Amino acid sequence: YPDTPILVCRRDARDNCLSIFQQRFAGQHAYAHDLGDLGRYYRDHEAVIARWQERIPNPLRVVDYESLVDDLEGQLRAILAFLGLPWEDSCLRFYENPRKVRTASREQVTQPLYRSSVGRWQPYATHLRPLFDALEISA
């Protein structure tokens, strides 16, 4: 699908990895319980995205989660335009969708967007050194 647009949603690595670390995933997800592994996997993921941006001809747009939280309507309008889709007001009320959600995020997608997950890593900073080291960032 060489002309298919690709949308990547990116979140602050510290918040993303902490969220995974605190989730009890079923099955074989040993990486999810090791902060160093999480940081290394996150960096690998970022490298894959960068490689896609360099190598594939598809239009690719990266959207930061934090930008969505700060300006949901503006970001959604830009995303839909990028995808060639029309605007619908119901996009702002995604949480009213009656379909069943069977993922770890089921609680989040059934309520309006909220800010409490942005910067959530900060109170745990003293315990996240292995993650910061693997991400090669400072707290």
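**Figure 1. Y124 and its contacts in the predicted model.** Apart from neighbours within four places in sequence, Y124 is in contact with L18 and Q22. The structure shown here and in the other views is a predicted model. Y124 sits in the loop between helix 4 and helix 5. With a relative accessible area of 32%, Y124 is partly exposed, because partly exposed residues are those between the 20% limit for buried and the 50% limit for exposed. Y124 and L7 are separated by 117 residues in sequence, and their C-alpha atoms are 30 Å apart in space.

**Figure 2. The protein as a whole.** The secondary structure comes to 5 helices and 2 strands. Read along the sequence, these elements follow the pattern β-α-α-β-α-α-α. The C-alpha trace spans about 45 × 35 × 30 Å along its principal axes. The protein has 139 residues, of which 24% count as buried. Of the contacts between residues at least 6 apart in sequence, 60% join residues at least 24 apart.

**Figure 3. Helix 2 and its buried face.** Helix 2 has 21 residues. From its first C-alpha to its last, helix 2 reaches 30 Å, close to the 30 Å expected at 1.5 Å a residue. Its buried residues are L35, G36, L38, G39, Y42 and I49. Seen down the axis of helix 2, these buried residues fall within an arc of 165 degrees, so they line one face of the helix. An α-helix has 3.6 residues a turn, so residues three or four places apart point the same way. The cover over the buried residues of helix 2 includes strand 1, helix 1, strand 2 and helix 5. On the other side of helix 2, Y41, E54 and R55 are exposed.

Figure 4. Helix 4 runs over residues 72–83 and has 12 residues. Its reach from first C-alpha to last is 16 Å, close to the 16 Å expected at 1.5 Å a residue. L72, Q75, L76, I79 and L80 are buried in this helix. Viewed down the axis of helix 4, the buried residues lie within an arc of 130 degrees, so they line one face of the helix. Among the elements that cover them are strand 1 (6–10), strand 2 (60–64) and helix 3 (65–70). G84 follows helix 4 and has a positive phi, near 75 degrees.

**Figure 5. The largest pocket and its lining.** The largest pocket has a volume of about 1300 Å³. Its lining is made up of 41 residues, of which R11, Y65, S105, Q108 and V109 lie nearest the centre of the pocket. The elements that give two or more residues to this lining are strand 1, helix 1 (13–21), helix 2 (35–55), helix 3 and helix 4. Helix 2 gives the most, with 5 residues. By class, the lining has 24 nonpolar, 12 polar and 5 charged residues.

**Figure 6. S117 in the loop between helix 4 and helix 5.** S117 is found in the loop that lies between helix 4 and helix 5 (129–135). S117 has a relative accessibility of 12% and therefore counts as buried, because the limit for buried is under 20%. Leaving aside neighbours within four places in sequence, S117 is in contact with R11, D15 and Y65. R11 and Y65 are also among the residues that lie nearest the centre of the largest pocket.

**Figure 7. P5, in the segment before strand 1.** P5 is found in the segment before strand 1. The relative accessible area of P5 is 26%, so P5 is partly exposed. Not counting residues up to four places away in sequence, P5 touches P59, F82 and L83. P5 and L85 are 80 residues apart in sequence, with their C-alpha atoms 11 Å apart in space.

**Figure 8. E136, in the segment after helix 5.** E136 is found in the segment after helix 5. Its relative accessible area of 60% makes E136 exposed, because exposed means over 50%. Phi of E136 is near 60 degrees, a positive value in a residue other than glycine. Most residues other than glycine have a negative phi.

Technical notes. Residues numbered from 1 in each chain as written. Predicted model: local features only at pLDDT ≥ 70, side-chain atom pairs only at ≥ 80, totals over all residues. Heavy atoms only, no water. Helix = DSSP H or I, 4+ residues; strand = E, 2+ residues; numbered from the N terminus. Expected span 1.5 Å × (residues − 1). Buried < 20%, exposed > 50% of the residue type's maximum accessible area, 1.4 Å probe, protein only. Arc of directions from axis to C-beta. Contact = heavy atoms within 4.5 Å. 1 Å grid on protein atoms, 1.4 Å probe; cavity = no way out; pocket = protein on both sides within 12 Å on 5 of 7 lines; lining within 4 Å. Points joined across faces, edges and corners; volume = space filled by probe spheres on them. Nonpolar A, V, L, I, M, F, W, Y, C, P; charged D, E, K, R; others polar.
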